[in-house]
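Me: I'd like to learn how to read a few features off a model. Can you walk me through it?

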Amino acid sequence: MKQALLIIDMQNGFLQPQSPLCIRGALATVPACARVISACRAAGVPVIFINRAYRADGSDVELTRRQVWARGGKPLTPGSTGPLSVENPPEFGRASGDYEIIKPRYSAFFQTPLDLLLRRLGVDTVVLTGTTTPNCIRTTCYDAISLDYRVVVVEDCCSSNTEAIQQANMLDMGNVGAEVCSAAEFLETLSPR
C-alpha cells in the first residue's frame, strides 16, 4: 500500500470567520492537520495541497456560490490578502517535496492532473483531510473510489458547518467503502522513514 495525503481547501478564504466562504468547523482542524502533514512528510508519504483559486472576474466561480463570493469581497482571487486569501495556514509550512494542485470545482479529481500524479507516484490509497466534508471531501472520496483508489478519511482533520452534517457525511463515506479514522489512529499507522 502506498499512500498520499491530500489537504483540500485549507485556505484562509475557507478558514477565517471574516470570509463569506468560511466553514465554521474548519479553523479548529488546523492543529490536527498540521500534525498529520508533519508525520506524513517524516514517513515519506507524498503531501499534496489541493487548493482553490478563482479568476478576478469570477468567471470560474460555481453558479451556486457566485453571489456570496461577489458580495463578500471576492475571496480566493489573485491579490486577495488576509482572511480572504488563497494562503494555507502557516502551521502547515511547505516542504520542497510537497505538491500543489489548483482545482476548479469540489472534487480534487475533476479536471485536474491528480489521478495522473498519483499513478506516477505509485499511489493506491488517498488520505483525505480538509474542508468541507459534504462537498470537497465527499466528492473527492467518491471519485477516488470510482477510480479504484482505497480511501482513508481522517475525521478530525475534516470539517463541516455543523456536527450533524459532519457525522452524516462520515457515515455515508464509511458506508460506501472509505475507512474513517481519527488523526491519532492514522498517525499510529505511519512509520518514519
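Reply: We'll take helix H5, the cysteines and one arginine in turn. Bear in mind that this is a predicted model.

Me: Let's start with H5. Which residues of helix H5 are buried?

Reply: The general idea first: an α-helix has 3.6 residues a turn, so residues three or four places apart point the same way. Now the case here. H5 runs over residues 133-146, and its buried residues are Thr-133, Cys-136, Ile-137, Thr-140, Cys-141 and Ala-144. They sit on the same side of H5, because they span an arc of only 125° around the axis.

Me: What covers the buried residues of H5?

Reply: The cover includes strands E1, E2, E3, E4 and E5, along with helix H6. Once H5 is over, look at Asp-148, which has a positive phi of about 70°.

Me: Now the cysteines. How many disulfides are there?

Reply: For a disulfide, you want two cysteine sulfurs within 2.5 Å. Searching the whole structure turns up 0. Take Cys-22: its closest cysteine sulfur belongs to Cys-136 and is 14 Å away, so that's too far for a bond. Cys-157 is in no disulfide either, and its nearest cysteine sulfur, in Cys-33, lies 4.0 Å off.

Me: Is Cys-157 buried or exposed?

Reply: Buried counts as under 20% relative accessible area. Cys-157 comes in at 0%, so it's buried.

Me: And the arginine: where is Arg-52 found?

Reply: Arg-52 belongs to strand E2, residues 47-52. Its relative accessible area is 0%, so this arginine is buried too. Beyond its neighbours within four places in sequence, Arg-52 has contacts that include Asp-9, Glu-62, Tyr-106 and Cys-136.

Conventions:
Residues are numbered from 1 along each chain as its sequence is written. This is a predicted model: local features need pLDDT of at least 70, side-chain atom pairs count only at pLDDT 80 or more; totals for chains, interfaces and linings use all residues. Side-chain values use heavy atoms; hydrogens and water are left out. Helices (H or I, at least four residues) and strands (E, at least two) are DSSP runs, numbered from the N terminus. Buried means under 20% relative accessible area, exposed over 50%, partly exposed in between (1.4 Å probe, protein chains only). Contact means heavy atoms within 4.5 Å. The arc is that of the directions from the helix axis to the C-beta atoms.
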